Amino acid sequence: NVKFLGKDAINVTSVKEIEAISARIYPNPANDAVHVDAENIIKGIEVFNALGQKVYSNPSVNEFSYTVPTHHFTSGLYIIRIQTENGAALEKMNVAR
C-alpha cells in the first residue's frame, strides 16, 4: 500500500496540499507492465524517470485499477504519480529487464 501526505514534489509550478491515498502497485520491479489498484477512482497517472522527465502520462484513467505499459522503458528507477479524486501519491517503481 502506498500512503503519501505532503507537497507535490514533481510539479513545482503547482505546489498544493494533497491528502493521503491508498494504492497498490505491483509487480515492483516491473518488466512489461505495472498494475495500479486504488481505493478511489484513479483520475490520472504519470511516470517520471530519474532525471524528472515525464516518460508516460494518462490524464483520464477514471477507473479503480490501471495497467501502465513499461515494455518501452529502460531498466532503472522511476517515480509513478497516482492522482485520485481524494489526492495524489508518489511511489518509486523499478523496471528490470
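A polar contact is a pair of N or O atoms within 3.5 Å; within protein, one atom must be able to donate a hydrogen and the other to accept it, and residues adjacent in sequence count only if both atoms are side-chain atoms. In this predicted model, local features need pLDDT of at least 70 and side-chain atom pairs count only at pLDDT 80 or more, whereas totals for chains, interfaces and linings use all residues. Residues are numbered from 1 along each chain as its sequence is written, and side-chain values use heavy atoms, with hydrogens and water left out.

The side chains of E46 and K54 are joined by a polar contact of 3.0 Å. Strands are DSSP runs (E, at least two residues), numbered from the N terminus.

| Residue | Strand | Residues of the strand |
|---|---|---|
| E46 | strand 4 | 33-49 |
| I80 | strand 7 | 76-84 |

Contact means heavy atoms within 4.5 Å. Leaving aside residues up to four places away in sequence, E46 touches K54, Y56, S57, I79, I80 and R81. I80 counts as buried because its relative accessibility is 0% (buried means under 20% relative accessible area, with a 1.4 Å probe and protein chains only).

Confidence is expressed as pLDDT, on a scale from 0 to 100 for each residue. The protein chain has a mean pLDDT of 84, and 79% of its residues reach 70 or more. Over residues 1-18, pLDDT stays under 50. Where pLDDT is low, the predicted coordinates should not be read in detail.

Technical notes
Helix = DSSP H or I, 4+ residues; strand = E, 2+ residues; numbered from the N terminus. Buried < 20%, exposed > 50% of the residue type's maximum accessible area, 1.4 Å probe, protein only. pLDDT = per-residue confidence, 0-100.
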